[in-house]
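Subject: Structure handover

Hello,

Here is the structure I said I would pass on.

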Amino acid sequence: MLEISNLVKRYGKDDAVLKGLNLSVTGSEVVSIVGASGAGKSTMLRCINRLVEPTSGSITLNGLELTQLRGAALRKARRKIGMVFQGFNLIDRLSVMENVLAGRLGYVSLFQAVSRRYPQEDIERAFYLMDRVGIAHYANKRADELSGGERQRVGVVRALMQNPEILLADEPTASLDPKTSEQIMVLLQGLASEMSLPVLINIHNVAQAKAYTDRIVGLRHGQMIFDGGPSDFNSDALDAIYGGIENPDDDGQDISVSGGVA
Ligand SMILES: Nc1ncnc2c1ncn2[C@@H]1O[C@H](COP(=O)(O)OP(=O)(O)O)[C@@H](O)[C@H]1O
Ligand SMILES: [Mg+2]
């Protein structure tokens, strides 16, 4: 279970980018975080895995307070947090298998890693997961020989190799075509329930958020202004999150939402 309480993030002396967020996510819940560009979606995810230092507030994962961790304790906690990126973040010249095994880097020794002596159980788990997402036959291919959707599957498997307790995905489908995006969303949904893993997905495609996640959280200027099920996410909610561009007091950027697909 992830619990965020009163999370505030301020970059330098600027106004707070996250203004006291509260969120609790349990079990195998798949939650999408929607909001205009600059709303604070990425900052929120990065505070969870501490790529960004929270200014104040609390974030606990299965009871462990993440915001105060340092050094070895932080590295250990980061293993529990799988991350999937928009740009996949693969090492192109390495094979699919090597990219996947990189998910074990938080666990194996430096010697094991540089000499590529991963434990047999890691190799077996890698094949199991690659097979699950349909890329096992690419194990020895270079990562840059794969299509975008296949590359994102590698990214998902690498994250799962960490044996994470939560999966965070920052715009995981934004670089993919619509059909491939939907396949990745279905995959994340399926994996969440199979592995009892909560999944947080930053996504600007509202139609996909509604179709493929259990719960939608709407951010606007660093504040949570919607939290509910897909069926509660009506045009008023959409307008509250993305609307008001005509309002001169509003500094939201033009996000050109039409039919829920940005
Ligand atoms: N490293 C940073 N330093 C300063 N400001 C940042 C940094 N990262 C993000 N911001 C600012 O924080 C706000 C929220 O950004 P971000 O979390 O990336 O939003 P989103 O992912 O919703 O587009 C934006 O105004 C952005 O300019
Ligand atoms: Mg972002």
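Six strands make up an open sheet with mixed pairing, in the order 6-7-8-3-9-10. Its edges are strand 6 (81–85) and strand 10 (223–228), each of which pairs on one side only. From one strand to the next, the twist averages 20°. Please keep in mind that this is a predicted model.

Within that sheet, strand 7 (residues 166–170) and strand 8 (residues 199–202) run parallel and are joined by four bridges. Leu168 stands opposite Leu200 of strand 8.

Helix 6 (residues 148–160) lies across strand 6 and strand 7, and its direction is at about 170° to strand 6. Helix 9 (residues 235–242) lies across strand 3 (30–34), strand 9 (215–220) and strand 10. The angle between helix 9 and strand 9 is about 35°.

There is also an open sheet of four strands, ordered 2-1-4-5, and its pairing is antiparallel. Here the edge strands are strand 2 (16–25) and strand 5 (64–65), both pairing on one side only. As a general point, strands of a sheet pair through backbone hydrogen bonds, in either the parallel or the antiparallel sense.

Strand 1 (residues 2–10) pairs with two strands in this sheet. With strand 4 (residues 56–61) the pairing is antiparallel over five bridges, and Ile4 has Ile59 in strand 4 as its bridge partner. With strand 2 the pairing is again antiparallel, over seven bridges; Leu7 has Leu21 in strand 2 as its bridge partner. Strands 1 and 2 form a hairpin, with five residues between them. Gly12, in the turn of that hairpin, has a positive phi of about 55°.

Which residues other than glycine have a positive phi? Asn6 is one of them, with phi near 55°, and Asn6 belongs to strand 1. Arg50 is another, with a positive phi of about 65°. Arg50 sits in the loop between helix 1 and strand 4.

Now the ligand. The residues around ligand 1 are Tyr11, Val17, Ala36, Ser37, Gly38, Ala39, Gly40, Lys41, Ser42 and Thr43. By class, this shell has four nonpolar, five polar and one charged residues. Which element gives the most to the shell around ligand 1? Helix 1 (residues 41–48) does, with three residues.

- Thr43: an N or O atom in its side chain is 2.5 Å from a ligand 1 oxygen.
- Ser42: a backbone N or O atom is 2.9 Å from a ligand 1 oxygen.
- Ala39: a polar backbone atom is 3.3 Å from a ligand 1 oxygen.

How much of ligand 1 does the protein bury? Taken alone, ligand 1 exposes 560 Å², and the protein buries 57% of that.

One is the stretch formed by strand 1 and strand 2, where the hairpin turn holds Gly12 and strand 1 holds Asn6. The other is the shell around ligand 1, which includes Tyr11 and Val17 as well as Lys41, Ser42 and Thr43.

Regards

How values were computed. Residues numbered from 1 in each chain as written. Chains lettered and ligands numbered in written order. Predicted model: local features only at pLDDT ≥ 70, side-chain atom pairs only at ≥ 80, totals over all residues. Heavy atoms only, no water. Near = heavy atom within 4 Å. Polar contact = N/O pair within 3.5 Å; in protein donor to acceptor, adjacent residues only side chain to side chain. Areas by Shrake-Rupley, 256 points an atom, 1.4 Å probe, with all protein chains shown as cover. Nonpolar A, V, L, I, M, F, W, Y, C, P; charged D, E, K, R; others polar. Pairing = 2+ DSSP bridges. Axes fitted to C-alpha atoms, helices over the stretch in contact; angles between N-to-C directions. Contact = heavy atoms within 4.5 Å.
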